[in-house]
Amino acid sequence: MSERVAVRKTYKLFIGGKFPRSESGRSYLVQSSNVSLASRKDARDAVVAARAAVKGWAGATAYNRGQILYRAAEMLEGRREQFVALGIPGDEVDAAVDRWVWYAGWADKLAQVYGGANPVAGPYFNISAPEPTGVVAVVAPERPALLGLVSVIAPAIVTGNTVVVAASASEPLAAVTLAEVLATSDLPGGVVNILTGAITETAPTLAAHMDVNAIDLTGVTDASLATELEVKAAENLKRVLRPAPTDHDWSTDPGVTRMTALLETKTVWHPKGV
Amino acid sequence: MFEYAPAPESRSVVDLKPSYGLFIDGAFVDPTDGGSFKSINPASEEVLAEIAEAGAQDVERAVRAARKAYDKVWGPMPGRDRAKYLFRIARLIQERSRELAVLESMDNGKPIRESRDVDLPLVAAHFFYYAGWADKLEHAGFGPNPRPIGVAAQVIPWNFPLLMLAWKIAPALAAGNTVVLKPAETTPLTALLFAEICQQADLPAGVVNIVTGAGDTGRSLVEHPGVDKVAFTGSTEVGRAIARSVAGTRKKLTLELGGKAANIVFDDAPIDQAVEGIVNGIFFNQGHVCCAGSRLLVQENVADRVLESLKRRMAQLRVGDPLDKNTDVGAINSAAQLERIRELSDAGSAEGAERWSPPCELPDRGFWFAPTIFTGVTQAHRIAREEIFGPVLSVLTFRTPAEAVEKANNTPYGLSAGIWTDKGSRILWMADRLRAGVVWANTFNKFDPTSPFGGYKESGYGREGGRHGLEGYLNV
């Protein structure tokens with residue numbers, strides 16, 4: 001009997017819960033696989049999908065978001081060997097699962113930690129609570145390909161934002177496999193959208209897009225590109241997370257700042273009286 | 001209207017000097033490379049004082065003084081001592097509050113009733129509030145050892161000159177930063193009196209520096225490489241330019257920009273209260289308020305009743321001498337602003353909206369604009385989209401709560417919103433859906449130092465006030 005011929009995987013984009021090829025029909029070769037080379041049009045399509053998902057995701061209860069994110073961690077754990085097969089160290093996969101679970105638990109806690117009652121000098125009920133800013137564009141770190149990616153996606157979506165992520169250009173396979181995890185986790189389509197390809201092609205479109213509320217430049221290593229993106233982002237006053245130092249240690253305690261940077265604080269007043 | 005005898009507040013409490021220098025490193029100094037300009041009283045066009053205009057070298061001196069004070073004095077100082085200086089400043093403001101209120105009304109044109117009863121109490125309260133934070137920062141929720149950022153460049157507008165100064169300086173100093181502040185060119189005087197208060201408080205030299213001037217001075221300041229933090233309150237257009245200018249630097253930026261707030265009145269709202277809220281929302285401070293309720297959204301079935309009542313109330317507004325204690329609406333802050341309000345109002349008429357003002361006698365000298373409403377406004381009209389920053393209200397109608405939300409959010413701004421209804425669950429439903437940083441339900445234009453303030457979308461980012469207000473001045 002001849003040896004069984006394997007069924008290979010096609011690595012595609014992840015937009016609106018579906019796995020389309022790039023509308024441009026282009027791909028590039030990574031680890032012997034053809035990976036979709038996302039175009040500016042793909043980036044715009046991803047923003048449309050992300051915007052459409054905001055209402056349902058931001059409007060879901062915090063408990064529900066936490067449940068779905070925990071489910072994603074279960075799926076991630078189940079695919080451990082696939083990530084290892086792609087060359088992701090086992091320790092990194094474990095850390096990514098743990099990070100995801102850590103953020104999942106924040107869903108129904110952050111509003112208490114970051115919001116609160118304000119003791120105003122008058123007969124008023126006054127309360128401040130965080131809300132998601134909306135659609136967030138994210139340039140993921142080049143590496144670690146999985147832990148870095150999880151560490152930028154989870155804090156953005158756990159609070160109710162939706163994201164368009166430009167994945168690591170040099171190591172995109174883990175990102176596509178993560179998309180498969182998310183697609184089987186009850187995460188509504190469009191909450192996470194993942195583009196593979198050249199940052200220089202997709203990021204400027206995302207930075208200039210008028211329907212994107214915030215941009216996370218964490219993975220941008222070229223200082224002049226980072227400046228160009230920040231300038232573009234100013235057009236509609238996007239919230240900007242500046243690039244992380246290239247030697248950033250992704251295994252350390254992330255704290256809450258990646259979540260709070262992508263939140264708006266809303267303060268509501270009402271008079272007290274009879 | 002019922003006639004009142006004039007009740008002017010005395011100007012004698014204010015001791016104006018003919019000219020003022022820059023406040024750098026604890027002393028008033030002449031500019032080295034700048035010129036000078038005049039600050040006038042917008043209610044009379046009388047020149048109040050000659051003001052130094054800081055050039056790039058003056059800004060350099062001020063930033064260097066702030067850096068030195070940060071490194072040598074203010075940074076190393078224990079929080080409990082920073083607190084005591086801020087408490088001192090708060091007390092001095094209370095002690096000199098009438099002088100500051102009268103000067104504010106003279107330089108800005110706002111009614112003394114507002115500068116005395118709103119601005120000044122809030123200014124003092126703001127310093128008191130943040131004074132108490134200075135030695136408690138490790139409990140503020142930003143980690144065990146939150147650090148200041150360094151030198152803060154702060155640029156503030158002319159609508160609430162001293163209050164915006166307090167919103168900027170109090171949290172910055174409490175967190176351990178030093179500041180260089182540029183007041184608006186039409187309203188520099190209370191900031192300069194505040195500089196005297198810093199001297200009176202024996203605040204260490206260089207902790208607070210005040211550079212007066214216009215846009216060029218502001219640009220030199222925010223673009224100065226020695227600045228670690230930029231805080232700006234003003235127009236969205238300038239905010240955008242500042243966001244571009246700090247791109248690629250490590251400067252931390254907070255922006256509090258324009259607004260086009262919807263004030264939403266449902267058919268079950270108590271109409272008289274709602275009308276008071278509408279009037280307060282748009283005619284408070286001549287409408288020179290970034291969070292002004294400049295779009296009235298009224299439910300269609302009560303629109304006629306609300307408008308009739310609103311017009312009756314507007315006919316009672318007293319427009320005139322800002323120093324008269326009976327005055328409700330004072331002077332427009334500058335000729336340039338008056339021109340902008342006129343231009344946009346004319347566009348409202350030209351685009352087909354119906355304009356109405358109560359009969360109202362305006363003084364001959366100074367800059368004045370009668371309280372005005374436009375009815376028959378559509379969402380496409382410029383007066384429904386652009387910030388007018390004047391006493392001009394656009395009235396639109398809606399039928400369902402969902403339509404009200406849709407219209408309220410149909411703007412690139414997102415600073416504030418108002419809801420008037422007797423139904424609690426509707427308030428909370430609406431408040432969840434309005435994309436605005438401050439939502440006033442059955443009230444409007446309320447401010448408090450403990451209450452975070454700031455915008456969504458193109459109204460800027462960061463919050464001022466409350467625990468949240470510290471974040472922009474800490475290295476977190």
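Author: This is a predicted model. The ends of residues 29-476 of chain B, taken at their C-alpha atoms, are 35 Å apart. That span is 40% helix and 15% strand. UniProt, in an unreviewed entry, lists residues 29-476 of chain B as "domain: Aldehyde dehydrogenase".

Reader: What is the mean pLDDT of chain B?

Author: In chain B, 100% of the residues reach 70 or more. Strand β8 (residues 208-210) of chain B has the highest confidence, at 99. For chain B the mean pLDDT is 97.

Reader: Are the residues of strand β6 (residues 151-155) of chain B buried or exposed?

Author: Val151(B), Ala153(B) and Val155(B) point one way from β6(B), and Ala152(B) and Gln154(B) point the other way. In a regular strand, side chains alternate between the two faces of the sheet. β6(B) is largely enclosed by the rest of the structure, because five of its five residues are buried.

Reader: Which residue is the bridge partner of Val155(B) in β9(B)?

Author: β6(B) also runs parallel to strand β9 (residues 229-233) of chain B, joined by four bridges. Val155(B) is itself buried. Its bridge partner in β9(B) is Phe232(B).

Notes: Residues are numbered from 1 along each chain as its sequence is written. Chains are lettered from A and ligands numbered from 1 in the order in which they are written. This is a predicted model: local features need pLDDT of at least 70, side-chain atom pairs count only at pLDDT 80 or more; totals for chains, interfaces and linings use all residues. Side-chain values use heavy atoms; hydrogens and water are left out. pLDDT is the predictor's confidence in each residue, from 0 to 100. Helices (H or I, at least four residues) and strands (E, at least two) are DSSP runs, numbered from the N terminus. UniProt positions are given in the numbering used here, feature names are shortened, and annotations may be inferred rather than shown by experiment. Buried means under 20% relative accessible area, exposed over 50%, partly exposed in between (1.4 Å probe, protein chains only). Two strands pair if DSSP finds at least two bridges between them.
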